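Please read the following note with the structure open beside you. The points are numbered so that each can be checked in turn.

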Number of protein chains: 2
Amino acid sequence: MTVATSSQQLERLRKVLAEVADLQHAEALLDWDSRVSMPHAGARARADTSATVGRLAHEKFITDEVGELLDELAPVEDELDPESVDAALIRVTRRDWERFRRVPPELAGEMRRAAGIAVAAWDEAKDASDFARFAPHLERQLELKRRYIECFPPAENPYDVLLEDYEEGTTTAEVADVFATLKRELVPLIEQLRDEDVDLSPLRGPFPVARQREAGARVLAALGFAAESWRIDETSHPFASNPGIGDIRLTTHYDEGNLHSLFSSMHEFGHGVYEWGVDPALARTPLGGGTSSGVHESQSRTWENLVGRSRGFWRWFYPQLQSILSDQLGSADEETFCRAINAVRPALVRIDADEVTYGLHIILRFELEQELLSGAVGVGEVQEAWNERVREYLGLEVPDDAHGVLQDMHWSIGLIGYFATYQLGNVMSVQFWRRAVEDLGDVEEQFARGEFLPLREWLRENVYRYGRMYQPRELLRRVTGSELDPQPYIAYLRDKFLP
Amino acid sequence: MTVATSSQQLERLRKVLAEVADLQHAEALLDWDSRVSMPHAGARARADTSATVGRLAHEKFITDEVGELLDELAPVEDELDPESVDAALIRVTRRDWERFRRVPPELAGEMRRAAGIAVAAWDEAKDASDFARFAPHLERQLELKRRYIECFPPAENPYDVLLEDYEEGTTTAEVADVFATLKRELVPLIEQLRDEDVDLSPLRGPFPVARQREAGARVLAALGFAAESWRIDETSHPFASNPGIGDIRLTTHYDEGNLHSLFSSMHEFGHGVYEWGVDPALARTPLGGGTSSGVHESQSRTWENLVGRSRGFWRWFYPQLQSILSDQLGSADEETFCRAINAVRPALVRIDADEVTYGLHIILRFELEQELLSGAVGVGEVQEAWNERVREYLGLEVPDDAHGVLQDMHWSIGLIGYFATYQLGNVMSVQFWRRAVEDLGDVEEQFARGEFLPLREWLRENVYRYGRMYQPRELLRRVTGSELDPQPYIAYLRDKFLP
C-alpha cells in the first residue's frame, strides 16, 4: 500500500472515530445533566435520548467499514513507529472493535435493559434491606455475564474476560496474587491497629454546608481547578465527567455531619485531572481518555489520600480550615485532626473505609464475584458468605443487608469484574508516587507551602498525557520500571499507620 | 395496501422519527448546556459535538428510506381521518422531508459554517459599533439565502421561501397587508401618545438581584412553573429550551437597573408552556413541538404582555412586589407603577420597545430584508436606510450602529425572514385571547386573585396540545374562526393605551 493510500484510510478512520467520540461526549453530557440539572419529569424522555445516542455511537463504531479500514491499515501499522499516535490509534481501535464485534447486538441490548430493571430493584431492596428482592436480578446479571463471556475465546479463567473490560492486560491470577499478598499483610496490620486510641471529636461537626463549600473551593483551586475548564456541582453520589476536552465536571456531596465532601472532592478531582491532562492531540479518538479503571482510580486515590490525607497537605490547609470552621475546630490541633482523619477503624461500608481496611472490602468482593460466576457460591448463599467473610476479615457482624451484600450498586448494573480495579488503583497509586517523589523531592514540603502544581505537572507529563496510548501495565512499566507490585503500597501503609 | 402492511410502514416511519427526535433533544441539551453550564474552554469540543449530532439528525431524516415509506403511505393517508395523528404525522413528515431534501448537504453545511463565522464578526462589529466590519458577512448571508431560495420552486415572491420556514402557509403579500394596516394605525397612535406625561420613577431601581429572583419565582409559580418539570437559570440573552418532554428550561437575565427580568421570565414562560402543553402522545415525532415561530411568539407575548402587563395581574402582584422591593417601590402606588411599565416611548432598540412601538421595529426589518434580498437596497446602503426609517417611523436619530442596524444578532446566523413572525405573534396573541375571554369570562378578575391556571388550561386545551398537527393558519381558524387579522390587536392597543 502506498503512503498516500494509507494516509487516506487513516483519515477515513479518524473521521468515523471523531463522530463516535462526539456521540460519546453527547452521551456523557446527557448523563451528567440527568444527575445534576434535569427536572425529574424529564427522566423518561432522557432515557430514550441516551439510549439512542449510545446505540448510534456503538453502531457507528462496529461497522464493517471500520473493520475493512483496520484490515487495510494492518501493513501500515507494522511500518509505523510503535510509539507513534497513529500506531496506537490503529492498535486500540482494533482491540475495541474486535471486542465489541464479538457481542451480538441483542445481547448488548439485553444487558442494557436488564441493568435498567436491576438497578431499580436494587434500590428498592436496599431501602428495604432485603436481599431476597434483589436475588433474582443478581441471578439474571450473572447469567448474562456468562453469556457475555462465551462470546470470547476461552480464557484461563472465565473471569479474565470481565476483568479485561476494565483493566486491559491483567489476569485474574495476577490480581489474585497481588490480593493474596495484601490480605496476608492487611489482616494482622488491622489487628495491630484495632485498639489504637484515636480522638475522633474533631470530626463530629456539625459543619455548615456553606463552610464546607468554601473549604472545598480553596483546596480545589490550589490543586489546579480553574473555572475556565472546570465546574463542581452537588449530587447524592459524587462522580466526575468529561463531556469534551476543556470541560471537566466534578460533583460532591455535602453532609453537615462530616467532612467527607472535602475528600470526595479531591477524589473526583483525581479522576478529572487525569482526563484534563490527556494530550489534546488525542481528542476525538479512542485514545482520548484514561487507559483503565485501575489507573483512573490510582489518580483519584492519589489526590484523595496520598495528597489529601498527608501531613504536608494539612500543614498547609489545617490553619485555613480551622479558621473557616472555627466553631468546630477551634480547639483541635493539627496533630489531633490528622490522626482523626487517618483513624483505622474496620467498618461495614466500603465507601466509609479508611486506607488500611479498604483493601479487604475489595478482596471480599473479588473473591465472591468469582465464586458467584463459577457457581461455587449460589445467589442464595451469597448473603451468608458475605457476612462470614466480613467477620473473618474485619471482625464485624453485619446487622442487615443494606450494610452488607446490598451496599453497592455495581452488581445491579452489570459491573462484575470492576471492584478489583479499585484496589489495583491503590496499589498503582503508590508505585507512581514513588517515582514522582524521586523526581520532585520532598513533595510534603511543597504541599505544606500550598504547592501542588509540580506534582500535577509531573503526573501530566508522565501519566496523564498518554491517554490510552499505552495499556495500563505498559504505562506502569514505562513510568516506574516495574510490574504490578503491592510492596510499595504495603510499605506506605506500614510507614504511615504503624506507630 | 393492506392495513397490516401500512401499519408496518407507519411503525418503521415512527421508529426513524423517534431516533431523529432523540438526536434533536440531545442537540437541544448540548445547546442549552453551552449557554448555561459549560466551562468556557469546552466551547471548541462542543461545537464539534453539536455539529455531529445535528448533522446525524438531519441525515437520518432525509434518507431515501423515509421518502419510500412516505410514498408507500400516500394511499393510506387518503383513507385516514385527516384529523388523526397518523394523518398529520405523514403530512408533516412529508412536508419537512421534501423541504430538507431540496437543499444540497453542501449548501446546508456552508450555511452552518458561514453563520458560525458571521455571528462572531457581528459580535465584534457590534462591540465596536462599526457596521463596515459586519457588511461582508451580511453580503455572504444574503448570497447563501439566494442560493437557498433557488432550491425551491419559484414563488410569487422569493421572500416567501424564507417565510415558509418559520411561518408555514403565510405569504409575504399577506404579511405585507397586515403590516400595512398596522403601520397606518400605529404611526398616528404613537404620535398621539408621544407627549404623554408618565412618571417613570418607580422603575429607577436599583432592584437587588436576589429580590428580583424572589419576585420572578413567585410569579412563575403562580403561572404554573413547578420544579418537577421546569427550571430557570440566568444567561445574558434569555431563552427557553425543551430537551425532552417533561423538561422545560427557561433563562432570564437580571439587571439591577430595571425590572426586565420579570417580563423576560414571563415571556420565556410563554414559550416554555407551549412546549409543555403539547400532547405527550406526539412526543418523539415531528408533531411534538410548537407549530410555527409566530404561534410560539403569540404565546410568549400572551404571558409577557396580555397577562404580565395587565391591570388584573398587577392588582394581584403589586402588593407582593412592593413588599419584596419596599425600599424602591414603597412610595409608588399601583396606578403609577402600571402606567410606568406601560409607558409608550419610541426607543432605538427593539428589545426595549413597548407594546405600541414594537410593531414598527418589526415592520422596518421586514421591509429592509426584502429590499436587501432583491438588491433594491445594497448592503452598503442598509445602514443609512435603517437610520432614515427609524427617523420616519419612530421620530428618533440613530446615534451609532450598535443602537441601529447592528442591534440584532438574527441576520448573522441567517435568520432572514424570521422577524416578521414576532409581530404576527402579537397579532395572533390577541386573536386567541379574544376567544379565551369569551370562554373564561373576566380573566383580569381571575388574575387579580392570582388565578392563572384557567387561562393556561384553556390555552393547553385549544392551542398547545395540538403541537404541529395543524398549520398555524389552520390552528388560528380552528380556534378563532377567522383569518390572520390585525384589527383585534389594534383595538386592544387603542383600548389599553388611549386615554
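How many salt bridges does the structure hold over all chains? Over all chains there are 102 salt bridges, a salt bridge being a side-chain nitrogen of Lys or Arg within 4 Å of a carboxyl oxygen of Asp or Glu.

1. Basis of the note. This is a predicted model, in which local features need pLDDT of at least 70 and side-chain atom pairs count only at pLDDT 80 or more, while totals for chains, interfaces and linings use all residues. Residues are numbered from 1 along each chain as its sequence is written, chains are lettered from A and ligands numbered from 1 in the order in which they are written, and side-chain values use heavy atoms, with hydrogens and water left out.

2. Symmetry. Chain B can be laid on chain A with an RMSD of 0.1 Å by a turn of 180 degrees and a shift of 0.0 Å along the axis, the copies being superposed by least squares on the C-alpha atoms of residues with pLDDT of at least 70 in both. The two copies are therefore related as by a two-fold rotation axis. Because 100% of the interface residues of chain B are also interface residues in chain A, the copies meet through the same surface.

3. A pair across the interface. The rule finds 8 salt bridges between chain B and chain A, and one of the pairs is Glu19(B) with Arg55(A), at 2.7 Å, N to O. This pair runs from helix 1 of chain B to helix 2 (residues 43-61) of chain A, where helices are DSSP runs (H or I, at least four residues) numbered from the N terminus. Glu19(B) counts as buried at 15% relative accessibility, whereas Arg55(A), at 28%, counts as partly exposed (buried means under 20% relative accessible area, exposed over 50%, partly exposed in between, with a 1.4 Å probe and protein chains only).

4. A pair within one chain. Glu174(B) and Arg473(B) meet in a salt bridge at 3.1 Å, N to O. This pair links distant parts of the chain, with Glu174(B) in helix 8 (residues 172-193) and Arg473(B) in helix 20 (residues 472-480) of chain B, 299 residues apart. Glu174(B) is partly exposed at 29% relative accessibility, while Arg473(B) is buried at 10%.

Methods. Contact means heavy atoms within 4.5 Å. Helices (H or I, at least four residues) and strands (E, at least two) are DSSP runs, numbered from the N terminus.
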